[in-house]
Amino acid sequence: MQELTKAINNHLSFEFQASHTYLAMSIWLRESDFCGFSYYMQEKSLEERTHADKLIEYLVDSDEQVELPNIDAPQRSWISIQTLFDDVYEMEQAVTASVNRSYSIAEKSGERSATAMLDWFISEQLKEEAEARFVRKRLRLAGKNNAALLILDQQFLDGKGLSALKASFGRK
Ligand SMILES: [Fe+2]
Ligand SMILES: [Fe+2]
């Protein structure tokens, strides 16, 4: 259980770091007048905190110790909104790798309550990566066309930025 507790605590730091990074992104986007994308990132920051809460709850319920991590100050500016979303995709891939590592340890130690808890994270990461790829592609299509970027930004402000992705597979 020791190794598993360590791995879950380590994953906890990934979720906190992601929350912090999304908050930094939200701030930069707001400063750059992309209010819709900024709002989207703010929501993502809050969402990552709820992921951290899930892990904390699991550790406490399992009578294991929670170690709250030190969080590094995130990058505070980006060259473009496209490069920002490249970073989002890369970060989510790193989060997925961390979930997978914890999962392998949980499986190896036959800790079913941990694999059950981590199953949720596995499906969540599949969605997160697909979402990041989708936004990245949309931004590539918009390129340097300000009108297209403003339309995308407005869609995120209206909560419809991901409608096309969700509609295609009936995802909620
Ligand atoms: Fe997360
Ligand atoms: Fe995430």
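Author: A nonpolar core is understood here as a set of buried Ala, Val, Leu, Ile, Met, Phe, Trp, Tyr and Cys residues that are joined through C-beta atoms within 7 Å. The model is predicted, and everything that follows should be read with that in mind.

In the largest such core there are 34 residues, and those that touch the most other members are M25, L29, F37, M41, I81, F85 and L118. At least two residues of this core are supplied by each of helix 1 (2–31), helix 2 (35–61), helix 3 (81–108), helix 4 (112–142) and helix 5 (146–157). Helix 1 gives the largest share, with 10 residues.

Leaving aside residues up to four places away in sequence, M41 touches Y22, M25, S26 and L29. Two of these partners, M25 and L29, are themselves listed with M41 among the core residues that touch the most other members.

In general, two packed helices are described by the angle between their axes and by the distance between the axes. For helix 1 and helix 2 the angle is about 165 degrees, and their axes lie 8 Å apart. Because angles over 145 degrees count as roughly antiparallel, helix 1 and helix 2 are roughly antiparallel to each other. Their crossing is left-handed.

A residue of another kind deserves a place in this picture, namely E128, which is found in helix 4. E128 counts as buried because 23 other C-beta atoms lie within 10 Å, where 20 or more are required. The C-alpha atom of E128 is separated by 27 Å from that of G110, although the two residues are 18 apart along the chain.

Turning to the whole, the protein chain holds six helices and zero strands, so that its pattern, read along the sequence, is α-α-α-α-α-α. Its radius of gyration is 17 Å, close to the 16 Å that the globule rule gives for 172 residues, and the chain is therefore as compact as a globular protein of that length. Taken along the principal axes, the C-alpha atoms fill a box of roughly 55 × 35 × 20 Å. Of the 172 residues, 30% are buried. Among contacts with a separation of 6 or more, 75% come from residues 24 or more positions apart.

How values were computed. Residues are numbered from 1 along each chain as its sequence is written. Chains are lettered from A and ligands numbered from 1 in the order in which they are written. This is a predicted model: local features need pLDDT of at least 70, side-chain atom pairs count only at pLDDT 80 or more; totals for chains, interfaces and linings use all residues. A residue is buried if 20 or more other C-beta atoms lie within 10 Å of its own, exposed if 12 or fewer, and partly exposed in between; C-beta atoms are placed from the backbone. Helices (H or I, at least four residues) and strands (E, at least two) are DSSP runs, numbered from the N terminus. Two residues are in contact if their C-beta atoms, placed from the backbone, lie within 7 Å. The radius of gyration is taken over C-alpha atoms; the globule rule is 2.2 Å times the number of residues to the power 0.38. Axes are lines fitted to C-alpha atoms, for helices over the stretch in contact, and angles run from 0 to 180 degrees between N-to-C directions. Angles under 35 degrees count as roughly parallel, over 145 as roughly antiparallel, 65 to 115 as roughly perpendicular and the rest as oblique. A crossing is left-handed if the near helix is turned anticlockwise from the far one by less than a right angle, and right-handed if clockwise.
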